[in-house]
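These are my notebook entries on a structure that I am reading for the first time.

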Amino acid sequence: MMMSLFDYLGRPAGSELGQRVAAAAARNKVKYETRHVSTKTYTGDVMLYPKAFLDQFFGGVNEGTNNTRQLLHG
């Protein structure tokens, strides 16, 4: 299952966290996809990552929580 950071965290991740996740995905050769979104506050492409990668990156946090603990330290 591919998920955006917003879908996973339940809130906007912000560019700094997004860059750390993208860097960790690149280092670990994680395949990603993109999706174009258009909301009141953002229009553009968002990265989609495998849920298993996001679970590993965030230490198994359940989506929709505010726990942002990181294991891969992007």
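Entry one, salt bridges. I counted a salt bridge wherever a side-chain nitrogen of Lys or Arg lies within 4 Å of a carboxyl oxygen of Asp or Glu, and by this rule the count comes to three. I keep in mind that the model is predicted, so that local features need pLDDT of at least 70 and side-chain atom pairs count only at pLDDT 80 or more, whereas totals for chains, interfaces and linings use all residues. Residues are numbered from 1 along each chain as its sequence is written, and side-chain values use heavy atoms, with hydrogens and water left out.

Entry two, Arg 35 and Asp 7. I found the side chains of Arg 35 and Asp 7 joined in a salt bridge, at 3.0 Å from N to O. This pair links distant parts of the chain, since Arg 35 belongs to strand 2 and Asp 7 to helix 1 (residues 5-9), 28 residues apart. For these elements I used DSSP runs numbered from the N terminus, a helix being H or I over at least four residues and a strand being E over at least two. I also looked up accessibility, where buried means under 20% relative accessible area, exposed over 50% and partly exposed in between, with a 1.4 Å probe and protein chains only. Arg 35 is partly exposed at 35%, and Asp 7 is partly exposed at 35%.

Glu 16 forms a salt bridge with Arg 20, with the closest N and O atoms 2.9 Å apart; both lie in helix 2 (residues 15-27), four residues apart, which is about one turn of the helix. I noted that Glu 16 is exposed at 56%, while Arg 20 is partly exposed at 26%. In helix 3 (residues 51-57) I found Asp 55 and Lys 51, four residues apart, and their side chains meet in a salt bridge of 3.1 Å, N to O. Asp 55 is partly exposed at 21%, and Lys 51 is partly exposed at 23%.

Three strands form an open sheet in the order 1-3-2, with antiparallel pairing, where two strands pair if DSSP finds at least two bridges between them. Strand 1 (2-3) and strand 2 (33-38) each have a single partner strand and stand at the edges, so one side of each is left without a neighbour in the sheet. Strand 2 pairs with strand 3 (residues 43-50) in the antiparallel sense over six bridges, and Glu 33 stands opposite Leu 48 in strand 3.
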